[in-house]
Amino acid sequence: PPPTPPPPPPTTSLPYDCLAGVANWAAGWSDAKKAWCCAHGGQGCTTQAPSLPFDCVAGLNNWQMGWSEAKKTWCCEHGGHGCPTPTKTCTLWGDPHVISFDQV
């Protein structure tokens, strides 16, 4: 018998791909796609998108020391940058210990 074909690639759960056709968004996108992509990524906006309170790429190399606590919090909540590394614990015979050695 012939080999089984591979499964189809996974589909995205997003209603629109905001990078597809972005070069011609004004004429090529539906109004619904323009509205969704503008609200969820700043693409396809017919008016200037509101400015964000922080640029989460600026200073990313040194975010631990260079960013304010407000910027760390906002960027962590809105883009996953500047999030503190969670403390790991190890429970040994019911006694929790903080793991402090280097981990990968």
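Visitor: Which cysteine forms a disulfide with C38, and how far apart are their sulfur atoms?

Guide: C38 is bonded to C45, with the sulfur atoms 2.1 Å apart. A disulfide here is a pair of cysteine sulfur atoms within 2.5 Å. This is a predicted model, where local features need pLDDT of at least 70 and side-chain atom pairs count only at pLDDT 80 or more, while totals for chains, interfaces and linings use all residues. Residues are numbered from 1 along each chain as its sequence is written, and side-chain values use heavy atoms, with hydrogens and water left out.

Visitor: What is the handedness of the C38 and C45 link?

Guide: The link of C38 and C45 is right-handed, with 105 degrees about the S-S bond.

Visitor: How many disulfides does the structure hold?

Guide: There are 4 disulfides. With bonded cysteines counted along the chain, the pattern is 1-2, 3-4, 5-6, 7-8.

Visitor: What is C56 joined to?

Guide: C56 is joined to C75, S to S 2.0 Å. The link of C56 and C75 is left-handed, with -85 degrees about the S-S bond. C56 lies in the loop between α2 and α3 (63-66) and C75 in helix α4 (residues 69-79), so the pair ties together parts that are 19 residues apart in sequence. Helices (H or I, at least four residues) and strands (E, at least two) are DSSP runs, numbered from the N terminus.

Visitor: Buried or exposed, that pair?

Guide: Both C56 and C75 are buried. They also belong to the largest nonpolar core, which has 5 residues: C56, W63, W67, W74 and C75. A nonpolar core is a set of buried Ala, Val, Leu, Ile, Met, Phe, Trp, Tyr and Cys residues joined through side-chain atoms within 4.5 Å.

Visitor: What is C75 in contact with, leaving aside neighbours within four places in sequence?

Guide: C75 is in contact with F54, C56, W67, G80 and H81 on that basis. Contact means heavy atoms within 4.5 Å.

Visitor: And which cysteine does C76 pair with?

Guide: C76 is joined to C83 by a disulfide, S to S 2.1 Å. The torsion about the S-S bond of C76 and C83 is about 110 degrees, so this disulfide is right-handed. C76 is partly exposed at 25% relative accessibility, and C83 is partly exposed at 27%.

Visitor: Switching to rings. How many aromatic pairs are there?

Guide: The count is 4 aromatic pairs. Rings of Phe, Tyr and Trp (its six-membered ring) pair if their centres lie within 6.5 Å; planes under 30 degrees apart count as stacked, over 60 as edge-to-face and the rest as tilted. One of them is Y16 with W36, tilted, at 6.1 Å centre to centre and 55 degrees between the planes. Y16 lies in the segment before α1 (25-28) and W36 in helix α2 (residues 31-41), so the pair ties together parts that are 20 residues apart in sequence.

Visitor: Which ring does W63 pair with?

Guide: W63 pairs with W67, tilted, at 6.3 Å centre to centre and 55 degrees between the planes. W63 is buried at 17% relative accessible area, and W67 is buried at 7%.

Visitor: Back to α2. Which of its residues are buried?

Guide: K33, K34, W36 and C37 are buried in α2. The buried residues of α2 pack against α1. Just after α2, G42 takes a positive phi of about 75 degrees.

Visitor: How many salt bridges did the search find?

Guide: The search of the whole structure finds 1 salt bridge. E69 forms it with K72, the closest N and O atoms being 3.3 Å apart. A salt bridge is a side-chain nitrogen of Lys or Arg within 4 Å of a carboxyl oxygen of Asp or Glu.

Visitor: Where do E69 and K72 lie?

Guide: Both lie in helix α4, 3 residues apart, about one turn of the helix. E69 is exposed at 56% relative accessibility, whereas K72 is buried at 14%.

Visitor: What does K72 touch, not counting residues up to four places away in sequence?

Guide: K72 touches W63, Q64, W67, H81 and G82 on that count.

Definitions and conventions:
Buried < 20%, exposed > 50% of the residue type's maximum accessible area, 1.4 Å probe, protein only.
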